Amino acid sequence: MKIGSSSLTTAAGGLDADRVDALVDVVARHLGAPEDEDGKEIVLVSSGAIAAGLAPLGLEKRPRDLARQQAAASVGQGLLVARYTASFARYGRRVGQVLLTTDDTSRRAHYRNAYRTLGQLLAMGAVPVVNENDTVATDEIRFGDNDRLAALVAHLVRAELLVLLSDVDGLYDGNPATPGTSLIGEVRGPHDLEGVEVGSAGKAGVGTGGMVTKVEAARIAAGAGIPVVLTSATRAADALAGRPVGTYFHRTGRRSAGRLLWLAHASAPRGALVLDDGAVRAVVERRTSLLPAGLAGVEGEFSAGDPVELRDASGRAVARGLVNFDAREIPRLIGRSTRDLARELGPAYEREVVHRDDLVLLRH
């Protein structure tokens, strides 16, 4: 379940304790008692850290510069988790804070750590409260909005449902304030959204989302085999109870392997590798690893382990993957066989530039 800043804070930017308590009341009822094995397991992706830090720092609205956003998050994250901790304690529930950046989930070891932590918290009866780690995230490693983060976390924990809570009761075919617009009850695929005007962030100025990010998050989750309910925070109880409410996005795909969904939707490429025609066919059609012999060029500055785009000769991105070499090493690898490279440069160079297990194809 994802809750946005506007549903947790006052107009002045501080946390609204009554709103937090109302959300926790709903979540706790569906969790059941700590010893109740029939209750649901719920992961809460909660915005609100930056918004909660605005008033204590004397800021009237969300700052645009990253440094002050990080400062507000540093102050607000503690307030947010403290509020959740106190509220869930009324029901004998513990809270576990999990802060993520894209680096924590696109790299193999970090992805496993995030998976284990969330799984263990659930197994021990705690409620994971997930947020982006705004205090350290840079522009290059940010999710950008918690709607997308929620879709990816739902995939990470193998959720059966994603609930996106908004300040409106669902997706409309136009501006909900305009007479004549209608609620879209179900979305079975992209064709159901043709001609629909989707709004951006609201007027409160405390969040980064809006209906655009929620629809994109729903698309990501549904494409990964997870149905989505989009509704207002006041209808959260109905959504968790399975009652028809808001907008329901049906599954459009099957679950993808592990962190590849994160690599496709959460990573920001640090550079690009240009492939020759044969390598493009091998990567796209035969799903092979990218070898040095298939390289035709390199762009940008990156280090081994960074996400990069794989492009064809026309500059079109066909895939994204984690590269095994620094950008400065790539020029001497271009067009050469791994056997020749190992003989000249050593056995460390007898390997793939991007392994197929660290590579995801991009849809066009």
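Q: Two strands count as paired if DSSP finds at least two bridges between them. Over how many bridges do strand 2 and strand 4 pair, and in what sense?

A: In this predicted model, strand 2 (residues 44–46) and strand 4 (residues 127–132) pair over two bridges, in the parallel sense. Val-45 has Val-130 of strand 4 as its bridge partner.

Q: What packs on the sheet there?

A: Helix 3 (residues 66–89) packs on it, with contacts to strand 1 (2–3), strand 2, strand 3 and strand 4. The direction of helix 3 makes about 150° with that of strand 3.

Q: And in what order do the strands of that sheet run?

A: The order is 3-4-2-1-5-7-8-6. These eight strands form an open sheet, and their pairing is mixed.

Q: Which strands stand at the edges?

A: Strand 3 (95–100) and strand 6 (186–187) do. Each has a single partner strand, so one side of each lacks a neighbour in the sheet.

Q: What does Thr-247 touch?

A: Setting aside residues up to four places away in sequence, Thr-247 touches Gly-170, Leu-171, Leu-183, Ile-184, Gly-185, Val-187, Val-228, Val-229 and Leu-230.

Q: Turning to the helices: at what angle do helix 6 and helix 7 cross?

A: Helix 6 (residues 146–156) and helix 7 (residues 211–223) cross at roughly 15°, and their axes come within 8 Å. Angles under 35 degrees count as roughly parallel, and helix 6 and helix 7 are therefore roughly parallel to each other. Their crossing is right-handed.

Q: Which residues meet there?

A: From helix 6, Asp-147, Arg-148, Ala-151 and Leu-152 meet Thr-213, Lys-214, Ala-217, Ile-220 and Ala-221 of helix 7. The residues of this contact comprise five nonpolar, one polar and three charged.

Q: How many residues of helix 6 are buried?

A: Helix 6 is mostly covered, with 10 of its 11 residues buried. Among them are Asn-146, Leu-149, Val-153 and His-155. After helix 6 comes Arg-158, which has a positive phi, near 60°.

Q: What about Ile-226, where is that found?

A: Ile-226 is in the loop between helix 7 and strand 7 (228–232). With a relative accessible area of 0%, Ile-226 is buried.

Q: And its contacts?

A: Leaving out neighbours within four places in sequence, the contacts of Ile-226 include Ala-154 and His-155, as well as Ala-221, Arg-251 and Arg-255. Ile-226 and Arg-254 are 28 residues apart in sequence, while their C-alpha atoms are 8.1 Å apart in space.

Q: What is the strand order of the sheet of five strands?

A: That open sheet has the order 10-9-11-12-13, with mixed pairing. At its edges stand strand 10 (295–300) and strand 13 (359–361), each with a single partner strand, so one side of each has no neighbour in the sheet. On average, neighbouring strands are turned by 25° against each other, direction ignored.

Q: Do strand 9 and strand 10 pair in the parallel or the antiparallel sense?

A: Strand 9 (residues 271–275) and strand 10 pair in the antiparallel sense, over five bridges. Val-274 stands opposite Gly-297 of strand 10.

Q: Which strands does helix 10 lie across?

A: Helix 10 (residues 277–284) lies across strand 9, strand 11 (307–311), strand 12 (317–322) and strand 13. Helix 10 runs at about 105° to strand 9.

Technical notes:
Residues are numbered from 1 along each chain as its sequence is written. This is a predicted model: local features need pLDDT of at least 70, side-chain atom pairs count only at pLDDT 80 or more; totals for chains, interfaces and linings use all residues. Side-chain values use heavy atoms; hydrogens and water are left out. Contact means heavy atoms within 4.5 Å. Helices (H or I, at least four residues) and strands (E, at least two) are DSSP runs, numbered from the N terminus. Axes are lines fitted to C-alpha atoms, for helices over the stretch in contact, and angles run from 0 to 180 degrees between N-to-C directions. Angles under 35 degrees count as roughly parallel, over 145 as roughly antiparallel, 65 to 115 as roughly perpendicular and the rest as oblique. A crossing is left-handed if the near helix is turned anticlockwise from the far one by less than a right angle, and right-handed if clockwise. Ala, Val, Leu, Ile, Met, Phe, Trp, Tyr, Cys and Pro count as nonpolar, Asp, Glu, Lys and Arg as charged, and the others, Gly among them, as polar. Buried means under 20% relative accessible area, exposed over 50%, partly exposed in between (1.4 Å probe, protein chains only).
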